[in-house]
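Please look over the sequence and the predicted model shown here before reading the report.

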Amino acid sequence: MLSSVLKSDTAIKMSVQIIETFVQLRKLANNYEEIMNKVHQMESRNNKQFSEIYEALRRLMSKPGQTPRKQIGYKKE
């Protein structure tokens, strides 16, 4: 890491901050799965009453589809 190359207090602090950031990201990713499970449980119990709300939540939480990228560079015709 950075601290093994630079050997300074600032580099050590930055390395610790980077590791803490990745730990927080991992916790956030785990919470996402928990949230999705709770939404599915609530949806199965109250689907008729709140179907529009669950549909909006599903759209917000879904990953956007990837569209094919336009090829760049020299093109043969």
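The report below covers the basis of the model, its confidence, its helices, its cavity and some pairs of residues.

## Basis of the model

This is a predicted model, in which local features need pLDDT of at least 70 and side-chain atom pairs count only at pLDDT 80 or more, while totals for chains, interfaces and linings use all residues. Residues are numbered from 1 along each chain as its sequence is written, and side-chain values use heavy atoms, with hydrogens and water left out.

## Confidence

The protein chain has a mean pLDDT of 77, and 88% of its residues score at least 70, where pLDDT is the predictor's confidence in each residue, on a scale from 0 to 100. Confidence is lowest in helix H1 (residues 2-6), with a mean of 64, and highest in helix H2 (residues 9-46), with 80. Where pLDDT is low, the predicted coordinates should not be read in detail.

## Helices and surface

The protein chain contains 3 helices and 0 strands, and its elements run α-α-α from the N terminus on; helices (H or I, at least four residues) and strands (E, at least two) are DSSP runs, numbered from the N terminus. Helix H2, with 38 residues, reaches 55 Å from its first C-alpha to its last, which is close to the 56 Å expected at 1.5 Å a residue, the expected span being 1.5 Å times one less than the number of residues.

Of the 77 residues in the protein chain, 8% count as buried, a term that means under 20% relative accessible area, with exposed meaning over 50% and partly exposed in between (1.4 Å probe, protein chains only). The buried residues of H2 are Ala-11, Ser-15, Met-36, Val-39 and Glu-43. The accessible surface of the protein chain comes to about 7800 Å², with 57% of it belonging to carbon and sulfur atoms, as computed by the Shrake-Rupley method with a 1.4 Å probe.

## The cavity

The count comes to 1 cavity of 30 Å³ or more, a cavity being a set of points, on a 1 Å grid over the protein atoms alone, where a 1.4 Å probe fits but cannot get out, and lining residues being those with an atom within 4 Å of a point. The largest cavity has a volume of about 40 Å³, taken as the space filled by probe spheres set on the points, which are joined across faces, edges and corners.

Its lining is made up of Met-36, Val-39, His-40, Glu-43, Tyr-54, Leu-57, Arg-58 and Met-61, and H2 and helix H3 (51-61) each supply at least two residues of it. By class, the lining has 5 nonpolar, 1 polar and 2 charged residues, where Ala, Val, Leu, Ile, Met, Phe, Trp, Tyr, Cys and Pro count as nonpolar, Asp, Glu, Lys and Arg as charged, and the others, Gly among them, as polar.

Met-61 is found in helix H3 and is partly exposed, with a relative accessible area of 23%. Its C-alpha atom is separated by 8.5 Å from that of Met-36, 25 residues apart along the chain.

Met-42, in helix H2, is partly exposed at 39%, and its C-alpha atom is 9.1 Å from that of Tyr-54, 12 residues apart along the chain.

Notes:
On a 1 Å grid over the protein atoms alone, a cavity is a set of points where a 1.4 Å probe fits but cannot get out, and a pocket is an open set with protein on both sides within 12 Å along at least five of seven lines; lining residues have an atom within 4 Å of a point.
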